[in-house]
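I opened this model to look up its strands, its rings and its confidence. My entries follow in the order I made them.

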Amino acid sequence: MAVASAAPGSTFCKQLLFSFLVLILLCDGCQKISLQVPSHLQAETLVGKVNLKECLQPASLILSSDPDFRILEDGSIYTTHDLILSSQRKSFSIFLSDSQRQEEKEIEIVLEARGKKVPKKRHAKDTVLKRSKRRWAPIPCSLMENSLGPFPQHVQQVQSDAAQNYTIFYSISGPGVDKEPMNLFFINKDSGDIFCTRSIDREQYDHFPLIAYATTADGYAPEYPLPLLFKVEDDNDNAPYFENKVTIFSVPENCRSGTSVGKVSAIDLDEPDTLHTRLKYKILQQIPDHPKHFSIHPDTGVITTTSPLLDRESCDTYKLIMEVRDMGGQPFGLANTGIITISLEDENDNAPYFTETAYFAEVEENRIDVEILRMAVHDKDLPSTPHSKAVYTILQGNENGNFKISTDPNTNEAVLCVVKPLNYEVNRQVILQIGVLNEAQFSKGPNSQAPTMCTTTVTVKIKDSDEGPECQPPVKVIQSKDGLPAGKELLGYKAFDPETRSSEGLRYKKLGDEDDWFEINEVTGDLKTLKVLDRESKFVKNNEYNVSVVATDADGRSCTGTLVVRLEDDNDHSPQIEKEVTICQHAQDFAVLKPVDPDGPENGPPFEFFLDNSASKLWTIGTKDGKTAILRARQNLDYKFYNVPIQIKDRHGLTAKHMLSVRVCDCTTPSDCTMNRQRESNANVSKVILGRWAILAMVLGSALLLCVLFTCFCVTAKTTVKKCFPDDVAQQNLIVSNTEGPGEEVMKVYLCGQDEEHKHSQDCVRSYNYEGKGSMAGSVGCCSEGQEEEGLEFLDHLEPKFRTLAKTCVKK
């Protein structure tokens, strides 16, 4: 029984040597294996593959008995050199050994050369149909894309062994036959020869899975449908191309050699992982071409720098014309080109410098906030970036802060201004040293050194102008004695002409003199006192009195100064005390005296205190710290006023006599001072002061009297008035108060005798809550409510006689 065979053809036969079907006829999988192979085998040709794992796993040693064949670990069998097999079979053995388990296996390999068999036609007289053992199997076949023909081109032949007994008709179906692309293949129904009608593009169809059928004339199928796979072999008909025709990369200038710039990639539509798609990259040209700065890895397409001398200021953009070629870069491979643009990123590797080495400017004296000069700089770095923006500094010559320098953001120029007035009479020119740097930190290039700051000089000439008088210094201090009498002269404020440095021709006038102490000499500016100078005046602050003066020249130009008169303290004020004090007998039996001396500390305490002989009989006085005195009575005195003559002397002996009025009271605090004994003996004292407890006692007494009167009246009217109140079960008292007019109480009692219908109002009589029969508390009444809740602060203001009781009730 024959198998399907390939039609003759050099292309097909060559392909058959590299890819063939291995038919394994297995008597015992680990004893004997039969392989059908072509009669001519080239060196390093795969013969077949044996599953060694099923026979012995693991095998530590694999040997072949025939040196014409070698065995790999995966069971693949390869020829070691070219072989031609005779019509007879060729056999050899594979030896497997496991040294650990001490096992060995031997597999016999039988190679059978393929040969043609003449198909037999089915005889008509064979009426009985017999299904023979199926040997119909797929045979691999490949087609070359872009074949030039001639067409139709024979591809393959399929045959069934059933043709020995039957007349067989062949047919095929699938893509390329009855599916797109239609009518690409057809089969000779009698011989089984398959033909291709036109060329094929592998990039469109890389394989065709067909199915072959073998049937008899009456439709009987002695074979199962046979799957056929026609693979389209790749032809190198597509040149590789770059994904982007123009690609842009960037890299910093002055970067090191070997810095990665970017990676290019290309696409090849031919079959992957073949020589047709093995690509190589190459730089054809660099623009500008000198010096060479870039290289490319031929396999990965990564572009790197080859030189550290990339300078953006010399050339900021490079173009690379790239080539990509398949077939591993062989000259016969297909190629394509593309353009790569490489831009250099700026680094601050160039220092700014002034366009001139020296500059000159001039300005009038006393001018401020005026621009006097602009200076330009050059910088090769990228404009309008921190690498080129200038920062200017005045290095020397601006010790007095007369100048200010800044950067014009639009032009990058230095702008020099005068911010503090210059004086021609003091300095007629100023020399400035100006430095410049960039905003960004300097980036050191491979062949450059860190730059020094670029500097230049600016000579500023100061122009003279006719100026008004100058008041220098703005504040002048003069000394004067305290108590200086009127009519005395003092040195005044002096202004001067800045050009002549003289005060001639100037006129002076007062602007401020709060207490009008002085008059000013119009010509000399000196002062004359109009009053006695008093350091203790309210217009003197910190021993100083201020006078504002204005000086005017002949042209009316003026300046203003302040004259400070500093007064030296004089001991011209004696110590002073309050004229009246109070001694509360119940609190403390003495008075504290605190003298005040308007003079300064040098003419003040410590003080000395003295009593006249007449006063020392009743009083004593003493001091501890020299600042206060203690006046104490020698015995208990009557509550009245006493006149006590006292003398007080300061540290320098200045003495003052005072008549002190001492009030002796029956009080705890001076604000509650009362003179009860004096009231009893003196009828002129008419003012009576009632404390809160006295008022409370009077109110309670009045209320109690009213309750008694009301109770008596109700008992008298009991026989004539109907009882309207319920029994006082709780033994409470009902009290009607708030008398509003004569006869009102009678009217209310009368209404109690009326029935419910004639009552005028429901609120005439109100019953109290029942507290319980026989309550020990009884009816407390209105006066017992709220007193406990109120504070006891009122006890601080009781009459003197209640003070002793209050002290025992309240804890201070």
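**Entry 1: overall make-up.** I take helices and strands as DSSP runs, numbered from the N terminus; a helix needs at least four residues and a strand at least two. On that basis I find six helices and 49 strands in the chain. The model is predicted. I looked up burial next: of the 812 residues, 35% count as buried. The accessible surface of the chain comes to about 49100 Å². Carbon and sulfur atoms hold 52% of that surface. I also checked contacts with a separation of 6 or more: residues 24 or more positions apart account for 67% of them.

**Entry 2: confidence.** The mean pLDDT of the chain is 77. I note that 76% of the residues reach 70 or more. Where is confidence lowest, and where highest? The lowest mean, 36, belongs to helix α1 (residues 10-18). The highest, 96, belongs to strand β33 (residues 414-418). I then marked two stretches. Over residues 116-135 the pLDDT stays under 50, and the model has 38 contacts there beyond four places in sequence. Residues 717-747 are also below 50. For this second stretch I record 34 contacts beyond near neighbours in sequence.

**Entry 3: a four-stranded sheet.** I traced an open sheet with the strand order β43-β49-β48-β45 and mixed pairing. Its edge strands are β43 (580-584) and β45 (608-611), each pairing on one side only. Neighbouring strands here are turned by 35° against each other on average, direction ignored. Inside the sheet I followed β48 (residues 641-649) and β49 (residues 655-665). They run antiparallel and are joined by nine bridges. Asn643 stands opposite Ser661 in β49.

**Entry 4: the partners of β42.** I looked at strand β42 (residues 558-568) from both pairings I had noted. Strand β36 (residues 475-481) pairs with β42 in the parallel sense, over seven bridges. In that pairing, Gln479 stands opposite Arg566. Strand β41 (residues 544-552) pairs with β42 in the antiparallel sense, over nine bridges. Here I find Val564 of β42 as the bridge partner of Asn546. β41 and β42 form a hairpin with five residues between the strands. Gly556 in this hairpin takes a positive phi near 85°.

**Entry 5: aromatic rings.** How many aromatic pairs does the structure hold? I get 14. One of them is Phe185 with Phe208, edge-to-face, at 5.2 Å centre to centre and 75° between the planes. This pair links distant parts of the chain. Phe185 sits in strand β14 (residues 185-187) and Phe208 in strand β16 (residues 207-215), 23 residues apart.

I checked a second pair, Trp517 and Phe518. Their ring centres are 6.4 Å apart. Their planes meet at 65°, which is over 60, so I list the pair as edge-to-face. Trp517 is buried at 1% relative accessibility, and Phe518 is buried at 0%.

Last, I looked for a cluster. Phe185, Tyr205, Phe208 and Phe230 form one aromatic cluster.

Notes
Residues are numbered from 1 along each chain as its sequence is written. This is a predicted model: local features need pLDDT of at least 70, side-chain atom pairs count only at pLDDT 80 or more; totals for chains, interfaces and linings use all residues. Side-chain values use heavy atoms; hydrogens and water are left out. Two strands pair if DSSP finds at least two bridges between them. Axes are lines fitted to C-alpha atoms, for helices over the stretch in contact, and angles run from 0 to 180 degrees between N-to-C directions. Buried means under 20% relative accessible area, exposed over 50%, partly exposed in between (1.4 Å probe, protein chains only). Contact means heavy atoms within 4.5 Å. Accessible areas come from the Shrake-Rupley method with a 1.4 Å probe; for residues, only the protein chains shown count as cover. pLDDT is the predictor's confidence in each residue, from 0 to 100. Rings of Phe, Tyr and Trp (its six-membered ring) pair if their centres lie within 6.5 Å; planes under 30 degrees apart count as stacked, over 60 as edge-to-face and the rest as tilted.
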